Amino acid sequence: MGVAKSWRFSLTPAAAKLALLQHHHGYNGGGGAATKQQSLRSPRTAPYSPRQRKQQPPATRRWSLVCGLMLFGLGLVSLFTGHVASDLEWWYSQRVANHGFYLKLTGNGREPIDVWKSKYSKFYYGCSERGRHYAPAKKEKASNGYLLIATSGGLNQQRTGITDAVVVARILNATLVVPELDHNSYWKDDSDFVNIFDVEWFISSLAKDVTIIRKVPEKVMRSMEKPPYTMRVPRKSEPEYYIDQVLPILLRRRVLQLTKFDYRLSSNLDDEQQKLRCRVNYHALKFTKSINELGQKLVMRMRQMTTRFVAVHLRFEPDMLAFSGCYYGGGDKERYELAEIRKRWATLPDLSPIDERKRGKCPLTPHEVGLMLRALGFANDTYLYVASGEIYGGDETLRPLRELFPNFYTKEMLANEELKPFLPFSSRLAAVDYIVSDESDVFVTNNNGNMAKILAGRRRYMGHKRTIRPNAKRLSALFMARDKMDWDTFAKKVKSCQRGFMGEPEDMKLGRGEFHEFPYACICEKPLSSVENNDPHAQVARDSTGKTRYPYNVNPREKALHISMKRNLGKSERDNEDDEAFPD
């Protein structure tokens, strides 16, 4: 295999060198020394006879011999170097591919990865800087009008809407008014933007991207003949749609409101627009001081008990189960209760619980989440922070998870009186869970909902902190057959199922899922020299055009390893998934 690959690699360089050599000495290519002689003859001249070959000038024969020896030497060198380089690259690529979840098989069996931290995260970092030719934001008076945004859903669904609203405002060259939050959703939270996010920081940190104001000036409102025009754009609309369909209305009416603004912008944008998404989501949207302080207090209290902990977003609330159309064995009572909640989504089709579970669309039960974590290698003494609202079935549903992990904590357990001001506001409670989950060593999701996507993307951006998402499609079948196998077999199969779902850098793949979950345009590679020197603040070098440049001032093995990682990024085997929006 190595010889074949070395031949493939060495063929082109040798041919290129031969062409350069022939060009340098005046050859027309293809025929060695004879080619030059043929080019001097008349086209009617017959090929050389043996006698004519003997009569060639001595200088020509000597030159033919020299060329032949040179070509032979070049062939030997390229064959040797190609063999060594290709074998080195192949060895490292195999090593990296198998390190995605398991190390390659050795004589002593499989060696598992560290479930707490990816060993390859050190090669990447989040990058969302503006490009050199990035145009400044339009001033309010020079903009095309005022853009009002009404978001939809819970906290994290609204977060996606706010992020995309900033990008749309820039596409339209509009002045953005601080978005309105949804007060009419299932959670009935009347919090405004200023109650959850630091509005002054939001406005100032994005000043170079978009002009943002708190409200439309009274003078503008009084001068309008009609109230602001209201419209709803289709989901995942391309930038061209906003230019062709929305901009003319904005120019004509001066003030425009877009309603139910969640996932109304395409996931696939150019790099500058994607980086703007990252600047909004990961930098501009800071929680208020009161929310942030409480969240950090809970993190500190977890750290006082243990050096590292796992945050689990169970998402096993009644609305989630109703939306999924799944069934969990609660009989007619469960069917009736969930069917009543399901009526809030008038457009949802009738679903088969069995088929939905086979498709991997059903959240795992708390017990199944616990079994998955134990099978992956988390010990019984691991500390768990459970981020969730009201669990369907209450303490009885949580009991098996508590038995598997006795060090079980929630925000209600860690904060008593401090939590009371937040209790009437579901979005503020969700913000506290968001902070603790973000600061955890390992974050475990239980669905493909909005908090799961947002936090998974953020943790990738912040250094590929371990984020585990259950491969529900394969795990569901495994859980149904769990009683037919011993624990070691079950654990081995769970690890196999989770390949590609452990938050490794190689899980990133262009076009996979929502950009909020896989922010590929905002993940950059560190120069290996800075990784080797363990410099966390190293900046990526740039060439004269402003593009990222990576100086590989390292030994060949490190370079081969890094090249293999880059080529294998996103190519690990995984099931094809249908991305489906879940409620926040």
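1. Y327 sits in the loop that runs between helix α12 (318–324) and helix α13 (331–342), in what is a predicted model. With a relative accessibility of 32%, Y327 is classed as partly exposed, since buried means under 20% and exposed means over 50%. Once its neighbours within four places in sequence are set aside, Y327 is in contact with E334, R335 and P353. Y327 and L338 are separated by 11 residues in sequence, and their C-alpha atoms lie 9.1 Å apart in space.

2. Confidence in the model. The average pLDDT of the protein chain is 79, and 72% of the residues reach a score of at least 70. Residues 1–54 have a pLDDT below 50, although in the model this stretch has 41 contacts beyond near neighbours in sequence. A further stretch, residues 83–111, also stays under 50, and for it the model has 52 contacts beyond four places in sequence.

3. The chain as a whole. The protein chain contains 23 helices and 14 strands, and of its 584 residues 50% count as buried.

4. A five-stranded parallel sheet. Which strands form the open sheet, and in what order? Five strands take part, arranged as β4-β3-β2-β6-β5, with parallel pairing. Strands β4 (212–213) and β5 (229–231) are at the edges, and because each has a single partner strand, one side of each is left without a neighbour in the sheet. In general, the strands of a sheet pair through backbone hydrogen bonds, in either a parallel or an antiparallel manner.

5. Pairings within that sheet. Strand β3 (residues 175–177) is joined to β4 by two bridges, the two strands running parallel, and L176 stands opposite I212 in β4. Between β2 and β6 there are four bridges, again in the parallel sense, with Y146 standing opposite V255 in β6. On the other flank of the order, β5 and β6 pair in the parallel sense over three bridges, and M231 has L258 in β6 as its bridge partner.

6. Side chains of β6 and a helix across the sheet. In β6, V255 and Q257 point one way while L256 and L258 point the other way, and all of these residues are buried. Helix α5 (residues 155–171) lies across β2 (146–149), β3 and β6 (255–258), and its direction makes an angle of about 160° with β2.

7. Pairings around β8. Strand β7 (residues 310–313) and β8 are paired in the parallel sense over four bridges, and V310 stands opposite L384 in β8. Strand β8 also pairs with strand β9 (residues 408–409), in the parallel sense and over two bridges, where Y385 has Y409 in β9 as its bridge partner. Within strand β8 (residues 384–387), L384 and V386 point one way and Y385 and A387 the other way, and all are buried.

8. Two packed helices. At what angle do helices α18 and α19 pack? Helix α18 (residues 426–439) and helix α19 (residues 450–461) pack at an angle of about 40°, and their axes are 10 Å apart. The crossing in which α18 passes α19 is right-handed. The residues that meet are D433, Y434, S437 and D438 from α18 and M451, I454, L455, R458 and R459 from α19. Sorted by class, this contact of α18 with α19 has four nonpolar, one polar and four charged residues.

9. Is E514 buried or exposed? E514 counts as buried because its relative accessibility is 7%, which falls in the range under 20%. The position of E514 is in the loop between helix α21 (487–497) and strand β12 (523–525). The C-alpha atoms of E514 and I454 are 9.5 Å apart in space, while the two residues are 60 residues apart in sequence. I454 is also one of the α19 residues that meet α18.

Note on methods:
Residues numbered from 1 in each chain as written. Predicted model: local features only at pLDDT ≥ 70, side-chain atom pairs only at ≥ 80, totals over all residues. Heavy atoms only, no water. Axes fitted to C-alpha atoms, helices over the stretch in contact; angles between N-to-C directions. Left-handed = near helix turned anticlockwise from the far one by under 90°. Contact = heavy atoms within 4.5 Å. Nonpolar A, V, L, I, M, F, W, Y, C, P; charged D, E, K, R; others polar. pLDDT = per-residue confidence, 0-100. Pairing = 2+ DSSP bridges. Buried < 20%, exposed > 50% of the residue type's maximum accessible area, 1.4 Å probe, protein only.
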